[in-house]
Amino acid sequence: MMAIIGMFFQDGLTGSAWGDWANYTASPLRAFENELGVQAPVGFWDPAGFTADGSTENFARRRQTELKHGRISMLATMGYITPEITGKLPGYLSPSAGLKFADVPNGLAAISKVPAAGWGQILAYMAFCEVSQDQSAGTPAAAGDFGFKVLTASDPEAKKTKLAAELANGRLAMMAIIGMFFQDGLTGSAWGDWANYTASPLRAFENELGVQAPVGFWDPAGFTADGSTENFARRRQTELKHGRISMLATMGYITPEITGKLPGYLSPSAGLKFADVPNGLAAISKVPAAGWGQILAYMAFCEVSQDQSAGTPAAAGDFGFKVLTASDPEAKKTKLAAELANGRLAMMAIIGMFFQDGLTGSAWGDWANYTASPLRATSQ
């Protein structure tokens with residue numbers, strides 16, 4: 001799903017699904033494409049559009065923040081990993097409190113063991129890092145240079161490579177430490193078995209169709225957080241129906257581009273040939289009133305011809321159309337899972353086609369035709 005949407009965007013903006021982003025000259029991001037952290041395969045990646053204003057000052061401030069958060073996350077990640085591999089330090093963390101290093105658990109549970117004096121030391125060090133040097137815009141510290149030169153290099157290219165690696169590792173560490181926090185908080189350990197998270201409302205759904213590697217049961221919006229099997233079945237029924245419609249719609253876009261139009265007349269009474277109907281959204285204006293009536297009648301037939309109430313075969317997507325089914329239960333399960341996955345892909349694909357068609361005049365349109373783009377102002 002991510003791949004096909006990325007291809008659509010890259011194709012629309014550069015002229016090819018594998019196009020050189022240098023061809024997209026209208027982008028306001030040109031000011032940042034040679035900055036540290038712009039790395040293959042995604043290049044300059046800003047899906048949230050933080051740099052859309054083209055402000056170098058805002059970019060520098062965000063880069064300063066990214067670098068700082070990355071460094072903290074690398075230390076935190078190593079703080080999780082190291083005791084698991086090497087064990088705890090010998091002796092006492094707090095002799096006055098009789099607290100040994102060995103008594104401090106790994107991960108989030110350690111928070112409750114840190115003495116008040118320990119928190120004071122942590123906060124004091126944080127304050128020292130913040131105020132010991134001028135970090136205002138344009139200073140070395142604002143660029144992350146605090147004079148700590150252990151891993152630097154005298155060769156400019158080698159130094160640039162190391163600084164880029166630091167950014168990349170910091171980004172990875174930010175994702176890693178958040179993942180560790182969640183896994184630790186829910187299972188009791190950063191390496192904990194998810195089977196220990198017995199409070200999860202998702203247990204009822206983790207063996208359902210559509211739960212596929214690598215993400216497993218994936219519900220970032222929390223629709224299934226209530227654990228309701230009735231709501232899950234209703235949403236699955238809707239997902240399956242939307243996926244099937246989207247697969248048909250996607251093929252409806254693609255097929256005429258590859259095979260051409262049918263011969264003869266779509267509406268003899270109106271003198272309308274299939275060849276007269278354009279592909280994509282423009283076809284809407286060409287459909288006669290009787291055609292819309294037929295489309296709506298077929299939709300109504302699909303909806304009311306079978307009982308689709310909860311627990312019926314139709315509610316599970318079985319309308320008796322057995323062309324692509326299988327007698328073997330495992331083969332049938334594989335095909336049903338594939339249908340769900342393909343439907344999800346098609347939902348993303350058809351939305352991408354609608355956008356590109358609406359803005360450029362064709363599902364495969366040249367983005368240069370989108371003259372209303374607010375980014376045009378930056379190409380002068």
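A: The largest cavity has a volume of about 40 Å³. A cavity here is a set of points, on a 1 Å grid over the protein atoms alone, where a 1.4 Å probe fits but cannot get out. Its volume is the space filled by probe spheres set on the points, with grid points joined across faces, edges and corners. The structure holds one cavity of 30 Å³ or more.

Before going on, keep in mind that this is a predicted model, where local features need pLDDT of at least 70, side-chain atom pairs count only at pLDDT 80 or more, and totals for chains, interfaces and linings use all residues. Residues are numbered from 1 along each chain as its sequence is written, and side-chain values use heavy atoms, leaving out hydrogens and water.

So who lines the cavity? The lining residues, meaning those with an atom within 4 Å of a point, are Glu66, Leu67, Gly70, Arg71, Met74, Glu166, Leu167, Gly170, Arg171 and Met174. Helix H2 (56-86) and helix H4 (156-187) each give at least two residues to this lining. Helices are DSSP runs of H or I with at least four residues, strands are runs of E with at least two, and both are numbered from the N terminus. Sorted by class, the lining has four nonpolar, two polar and four charged residues. In that sorting, Ala, Val, Leu, Ile, Met, Phe, Trp, Tyr, Cys and Pro are nonpolar, Asp, Glu, Lys and Arg are charged, and the others, Gly among them, are polar.

Some of those charged residues also turn up in salt bridges. A salt bridge is a side-chain nitrogen of Lys or Arg within 4 Å of a carboxyl oxygen of Asp or Glu. Take Glu66: this residue pairs with Arg63, with 2.9 Å between the closest N and O atoms. Arg63 and Glu66 are three residues apart in helix H2, so about one helical turn separates them. Arg63 counts as buried because its relative accessibility is 17%; buried means under 20% relative accessible area, exposed means over 50%, and partly exposed is in between (1.4 Å probe, protein chains only). Arg63, Glu66 and Arg171 are also linked in a network of salt bridges.

Next come two more residues of the lining. Glu166 and Arg71 meet through their side chains in a salt bridge of 2.7 Å, N to O. That pair links distant parts of the chain, with Glu166 in helix H4 and Arg71 in helix H2, 95 residues apart. Arg71 is partly exposed, at 25% relative accessibility.

What about the rest of the chain? There are seven helices and four strands, running α-α-β-β-α-α-α-β-β-α-α from the N terminus on. Of the 380 residues in the chain, 24% are buried. The whole structure has eight salt bridges. One of them joins the side chains of Arg344 and Glu239, at 2.6 Å, N to O. Arg344 lies in helix H7 (residues 329-360) and Glu239 in helix H5 (residues 229-259), so this pair ties together parts that are 105 residues apart in sequence. Glu239 is partly exposed, with a relative accessible area of 21%.

Definitions and conventions: 1 Å grid on protein atoms, 1.4 Å probe; cavity = no way out; pocket = protein on both sides within 12 Å on 5 of 7 lines; lining within 4 Å.
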